Amino acid sequence: MFSLNVPVPGEIKALAGELHPELTRFDRIRERHTLLAKRFDTGLDDDADSLPRLRERLRPLLRDHDTRELTLCVTGFDYFETPPRGPGPVLYLVVESPDLYALHRRLCASFGAVEGLEGDEYTPHVTLARSGRIADAEDLATRRGIDPIEWTADELLVRDSRYREDTARIPF
């Protein structure tokens, strides 16, 4: 399965490293930080399992997007008590971006929305850790503040979940 992700800046990786001692309360700490823009599902679209076809369909959609970049901002922490997939809770960095929401809606219109994860349920975020006590997620989400981290992205990455690697870069 492929996904389309926004590159995450070094400041977010540095913040995650700084938080590492507090994240050890969780069973799984995310070492690789990503920001999902769209997951592609073969049940919704036949091209979702073909990188060449997927890339060719994405290029015009991204070129025709309203801007040539996405403006994004990490503003704090939150958690999913019961995530749509995998064990909870999931502690994450909140990402605010009208540009990303607009792009996500456009991609869902073209490729379909994965139920429970996309469309109206879409919550842009960078996962830090998962699987542990809800009280620990709540504690970190409410107690710990951060200075906002703003950045722009002028390309997106296609990730292959089978190999856990980026397989293509697509500029706006």
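Strand S6 (125-130) gives the largest pocket the largest share of its lining, 6 residues. Helices (H or I, at least four residues) and strands (E, at least two) are DSSP runs, numbered from the N terminus. The model is predicted: local features need pLDDT of at least 70, side-chain atom pairs count only at pLDDT 80 or more, and totals for chains, interfaces and linings use all residues. Residues are numbered from 1 along each chain as its sequence is written, and side-chain values use heavy atoms, with hydrogens and water left out.

The largest pocket holds about 1200 Å³ of space. On a 1 Å grid over the protein atoms alone, a pocket is an open set of points where a 1.4 Å probe fits, with protein on both sides within 12 Å along at least five of seven lines; lining residues have an atom within 4 Å of a point. Grid points are joined across faces, edges and corners, and a volume is the space filled by probe spheres set on the points.

The lining of this pocket has 34 residues; Arg 30, Thr 34, Arg 39, Thr 127 and Arg 130 lie nearest the centre. Strands S1 (2-6), S2 (28-29), S3 (35-39) and S6 each supply at least two lining residues. By type, the lining divides into 15 nonpolar, 9 polar and 10 charged residues. Here Ala, Val, Leu, Ile, Met, Phe, Trp, Tyr, Cys and Pro count as nonpolar, Asp, Glu, Lys and Arg as charged, and the others, Gly among them, as polar.

The second largest pocket has about 180 Å³ of space. Its lining includes Asn 5, Lys 13, His 33, Leu 157 and Asp 166. S1 and strand S8 (155-160) are the elements that give two or more residues to this lining. Its residues divide into 5 nonpolar, 3 polar and 4 charged.

Now the helices. H3 (98-111) has 14 residues and reaches 20 Å from first C-alpha to last, close to the 20 Å expected at 1.5 Å a residue. The expected span is 1.5 Å times one less than the number of residues. The arc is that of the directions from the helix axis to the C-beta atoms.

H2 buries Leu 51, Leu 54, Leu 58, Leu 61 and Leu 62. These fall within an arc of 95 degrees seen down the axis, so they line one face of H2. They pack against S1, H3, S8 and strand S9 (165-171).

In H4 (134-143), Asp 136, Ala 137, Leu 140 and Ala 141 are buried. Their arc is within 125 degrees, so they line one face of the helix. They pack against H1 (10-23), S4 (70-80) and S5 (90-96).

Finally, the backbone. The peptide bond from Gly 88 to Pro 89 is cis, with omega near -5 degrees. Pro 89 lies in the loop between S4 and S5. Ser 131, in the loop between S6 and H4, has a positive phi near 65 degrees. Ser 131 is buried, at 12% relative accessible area.

How values were computed. Buried < 20%, exposed > 50% of the residue type's maximum accessible area, 1.4 Å probe, protein only. Contact = heavy atoms within 4.5 Å.
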